[in-house]
Amino acid sequence: MKEQEPRIRDQGSERLELLLRQALPHIEDDADLDRDLWPAMLRRLDERRKVHVPWFDWVLAGGLAALLAVFPAWIPVLLYYL
Amino acid sequence: MVDRGTSTMRSAASSEMEPVASRELERLTRFRQGDDASRDAAFEGLFRIHQRAVHGWILRIVRNAPAAEDLTLETFWRIYRAHARFEPERGFEPWARRIATRAALDWLRAQKPEYAMSSEFFADLPSPSGEDPAVSAEIRRKTAQAFGRLRPGLRIAATLAVIEERPHKEVAEALGISVTAVKLRVFRALRLLRKDLQQQGITP
């Protein structure tokens, strides 16, 4: 038996709650997951890890590309230090 | 997010409670602070232990089985990404429940308003047990539709507190709001629901 929570109520709340429970019955425990989702989780991890590049990496790459476009003479210097 | 399964598991393992608790804490610490390989191993352990509870929680909010499975994966992906913000001493379940609730809320917000009125929505509903014959199927359908038109934030609070009868404290933690705010949301949800039904000529 579930303990009744104290609620803010107005007239007819109980009838409305009852109607709501009849319209949308609560989901039983046996409706829970019946299979292991770990294989699907592994696939999702692989997918997300592949495409995940932090935003600041994109900013750095963009900044560097813009800099080299403006000062192309720096390209050999950059290649030297790489 | 304590369900029947975890409760049984807990009572059966009561004699080994201390080693189990210390293993759990160690796993949580490895998840937060370990290197990539040890974090991944700890994450797999956490996933296998908590996937059913997280899925059950989400299913009760979205009431759509395929979406609940997808959102369970999304929740654990968010958990994995946020490992550095996890505080082991506050426990994994409340944290997971909060992230799961946020993912479910995002999903509900992304649904078109007519989703709640589609046949797909009703197809996923369990048939009511002990239903009142005085309440016709038509009234139940209109009530479900009116409920589906509520804002997702109000709907989640009312679903968990009224339909699923979860303790207000648990709902408040999951939504990241106070218990009083939960009560207010439930009150507002019921008031708006009544108003909607009255406009359709139904007086609950």
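This is a predicted model: local features need pLDDT of at least 70, side-chain atom pairs count only at pLDDT 80 or more; totals for chains, interfaces and linings use all residues.
Chain B contains 10 helices and zero strands, and its pattern along the sequence reads α-α-α-α-α-α-α-α-α-α. Of the 204 residues in chain B, 36% are buried.

Chain A holds four helices and zero strands, arranged along the sequence as α-α-α-α. Buried residues account for 11% of the 82 residues in chain A.

One helix pair in chain B was examined in detail. Helix H7 of chain B spans residues 137-148, helix H10 of chain B spans residues 179-199, and the axes of the two lie 9 Å apart. The packing angle between H7(B) and H10(B) is about 130°. Angles of 65 to 115 degrees count as roughly perpendicular and those over 145 as roughly antiparallel; H7(B) and H10(B) are therefore oblique to each other. The crossing of these two helices, H7(B) and H10(B), is right-handed.

On the H7(B) side, the contact is made by B:Lys142, B:Thr143, B:Ala146 and B:Phe147. These residues meet B:Leu193, B:Asp196 and B:Leu197 of H10(B). By class, the residues in the contact of H7(B) with H10(B) comprise four nonpolar, one polar and two charged.

Methods: Residues are numbered from 1 along each chain as its sequence is written. Chains are lettered from A and ligands numbered from 1 in the order in which they are written. A residue is buried if 20 or more other C-beta atoms lie within 10 Å of its own, exposed if 12 or fewer, and partly exposed in between; C-beta atoms are placed from the backbone. Axes are lines fitted to C-alpha atoms, for helices over the stretch in contact, and angles run from 0 to 180 degrees between N-to-C directions. Angles under 35 degrees count as roughly parallel, over 145 as roughly antiparallel, 65 to 115 as roughly perpendicular and the rest as oblique. A crossing is left-handed if the near helix is turned anticlockwise from the far one by less than a right angle, and right-handed if clockwise. Two residues are in contact if their C-beta atoms, placed from the backbone, lie within 7 Å. Ala, Val, Leu, Ile, Met, Phe, Trp, Tyr, Cys and Pro count as nonpolar, Asp, Glu, Lys and Arg as charged, and the others, Gly among them, as polar.
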